Structure formats: structure tokens, C-alpha cells
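Keep the structure open beside you as you read.

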Amino acid sequence: MKLDQRLVDAAIELMNTRFSKDQWSGAAAMYTREGDLLTSIGAESPNPATGLCYETGCLCEAQKLGHTVTASVCVCRPTKTEKILVLTPCGICQERLFFWGLMSRSQYQTRRIPAAGWPRD
């Protein structure tokens, strides 16, 4: 699957709207099979182990709506720079995407990463 500019632009727009350019920032965007484009930001915490990744909000929203996510992208901008990076999912997000059947459609992965004991295509 080719990287979809509309999806990337939606994540960048949320990131630019929500955060100033003098702080680390990021956002995610996901398409659903039902035609929605969902966006979300991460949730930071004083305890890094309890923070949530940028993608988490989109996955929760899709589940709330009963929708299926078909594509995903996550972007960030390091502090005091114009450079925007496309991030790969962390290990936990890879497991979430795999569990929900998305990894093969994830825009930042070119192949499915099998997990031991889980069904494979």
C-alpha cells in the first residue's frame, strides 16, 4: 500500500493545531472501512509507563463506533524544528494492530510480523 498523503496531512494538521512548534509533538490518523478518517494525539504522563501512544485514541474511537481500521499513519515533529517524521509503531501498537487485523494494511509496515501462537494469513 502506498503512503496516502491525505492520511498523513490529517495527522500533521492535528499535530500543528494542537501543539506549538517549540515542543515535541505528534499525532496519528487512521481510515476505517466505513469511510471515516480518525485522528488522535498521545496522552503523556509523569510516569512514562502510563502514557499512551498517538495511535491509541484512533483505535479506541474506531472500536467505540464499531468500525474497522484499514490504514494508519503516525507522525511527529522534534522540538524546535520543521522536520516531520513518519514513525513506525512501537511494539505494543504493533500488537494492537496485529490483534485487530491491521498490520498487513498498516502504512508504515510492508509485511506482516507474525506473533507466536497467533493466527496467520
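K64 is exposed, with a relative accessible area of 60%, while E61 is partly exposed at 30% (buried is under 20%, exposed over 50% and partly exposed in between, using a 1.4 Å probe and protein chains only). The side chains of K64 and E61 meet in a salt bridge, 3.4 Å from N to O; the term asks for a side-chain nitrogen of Lys or Arg within 4 Å of a carboxyl oxygen of Asp or Glu. Both sit in helix α2 (residues 56-65), and because they are three residues apart there, about one helical turn separates them. Helices (H or I, at least four residues) and strands (E, at least two) are DSSP runs numbered from the N terminus.

A word on the model itself: it is predicted, so local features need pLDDT of at least 70 and side-chain atom pairs count only at pLDDT 80 or more, while totals for chains, interfaces and linings use all residues. Residues are numbered from 1 along each chain as its sequence is written, and side-chain values use heavy atoms, leaving out hydrogens and water.

How many salt bridges does a search of the whole structure find? The search gives two. K21 is partly exposed, at 43% relative accessible area, whereas E82 is exposed at 58%.
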